[in-house]
Amino acid sequence: MSKRAWPDYAAVWRWHFYAGIFCIPFVIVLSVTGTIYLFRPQIEAWQEQKFDRLPVGATSAAPYADQVRSALAMFDGGKFAAIEKSTFAPSDGNITQATRVILERDSEPVATRQGEGRSERVRVYIDPAESRVLASVVDQDSFINVVKRIHGELLLGKRGSYVVELAASWTIVMVLTGLVLWLPAKLQLAGVVYPRLHRTGKTFWKDMHSVGGFWA
């Protein structure tokens, strides 16, 4: 009795199956959040549109120094970091944009970080005509940055980053074993490059999975 070669088809199939069971939920999450993050400029422009269409005041814009002081007065312990310009360019001379004043401040200690505080950035929107604070948002709490943290660390910090990397590694195993299972025993296109739609049962679903997985 000859010794069966390893890895045989069944062993490769099991590796493919278990890798898929583990990594597919993470692949779905990363795909969705990654797609959302691709549209970051459009999403942020939509969120900030009300700050990009302010009526021009009767007087000229206040000096930046006054606008920064207004922002600092709203946050104890805040430090000036920068002034950001919006990517939106108004074509109407009767509207203007809010000034984005970026402050840095120490956040409250977080229990999961062994009581250590950390620095956070706050974006303050200032009406340039009156040096009046319109709104503020902590950068890490903005929608697009929450999406980014889900994508990179699943909102679990460094541990979540390790899980994402582990899932990415198992995705490689799933892809490689899938390619081994997909390779045809003989040269043919049906069931390899395109599914055999006229077949039924197990063959039909196998073609849909293997061919779909190959093209994906």
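What follows is a conversation about a predicted model and the terms used to describe it.

Biologist: How many helices and strands does the protein have, and in what pattern do they follow along the sequence?

Modeller: The model is predicted, and the protein in it has six helices and six strands. Along the sequence they run α-α-β-α-β-β-β-β-β-α-α-α. Of its 216 residues, 29% count as buried.

Biologist: Why is serine 131 called buried?

Modeller: The relative accessible area of serine 131 is 14%. Buried means under 20%, so serine 131, at 14%, is buried. Serine 131 is found in the loop between β5 and β6.

Biologist: Which residues make up the largest nonpolar core, and what makes them a core?

Modeller: There are nine residues: Val68, Ala71, Phe75, Val101, Leu103, Val122, Val124, Ile126 and Val138. A nonpolar core takes buried residues of types that include Ala, Val, Leu, Ile and Phe, joined through side-chain atoms within 4.5 Å. The nine are of those types and form such a set, so the name applies.

Biologist: Which elements give two or more residues to this core?

Modeller: They are α3 (64-74), β4 (99-106) and β5 (119-127). β5 gives the most, with three residues.

Biologist: What does alanine 71 touch, and how do you know that these are contacts?

Modeller: Leaving aside residues up to four places away in sequence, alanine 71 touches Val101, Leu103, Val124, Ile126 and Val133. Contact means heavy atoms within 4.5 Å, so each of these residues has a heavy atom within 4.5 Å of one in alanine 71.

Biologist: How is the packing of α2 and α4 described?

Modeller: Two packed helices are described by the angle between their axes and the distance between the axes. For α2 and helix α4 (residues 143-153), the angle is about 150° and the axes are 10 Å apart. Arg40, Ile43, Glu44 and Gln47 in α2 meet Phe143, Ile144 and Asn145 in α4.

Biologist: Why does that contact count as having two charged residues?

Modeller: Arg and Glu count as charged, so Arg40 and Glu44 are the two charged residues. The contact also has three nonpolar and two polar residues.

Biologist: How much space lies in the largest pocket, and which residues lie nearest its centre?

Modeller: About 780 Å³ of space lies in the largest pocket. Its lining has 20 residues, and His16, Gly178, Leu181, His209 and Ser210 lie nearest the centre. α6 supplies the largest share of the lining, seven residues.

Biologist: How do the residues of that lining divide by class?

Modeller: There are 12 nonpolar, six polar and two charged residues in the lining of the largest pocket.

Biologist: What is known of the second largest pocket?

Modeller: About 500 Å³ of space lies in the second largest pocket. It is lined by 23 residues, and Glu44, Glu48, Arg100, Arg123 and Tyr125 are closest to its centre. By class, this lining has seven nonpolar, six polar and 10 charged residues. α2 gives the most to this lining, with five residues.

Methods. Residues numbered from 1 in each chain as written. Predicted model: local features only at pLDDT ≥ 70, side-chain atom pairs only at ≥ 80, totals over all residues. Heavy atoms only, no water. Buried < 20%, exposed > 50% of the residue type's maximum accessible area, 1.4 Å probe, protein only. Helix = DSSP H or I, 4+ residues; strand = E, 2+ residues; numbered from the N terminus. 1 Å grid on protein atoms, 1.4 Å probe; cavity = no way out; pocket = protein on both sides within 12 Å on 5 of 7 lines; lining within 4 Å. Points joined across faces, edges and corners; volume = space filled by probe spheres on them. Axes fitted to C-alpha atoms, helices over the stretch in contact; angles between N-to-C directions.
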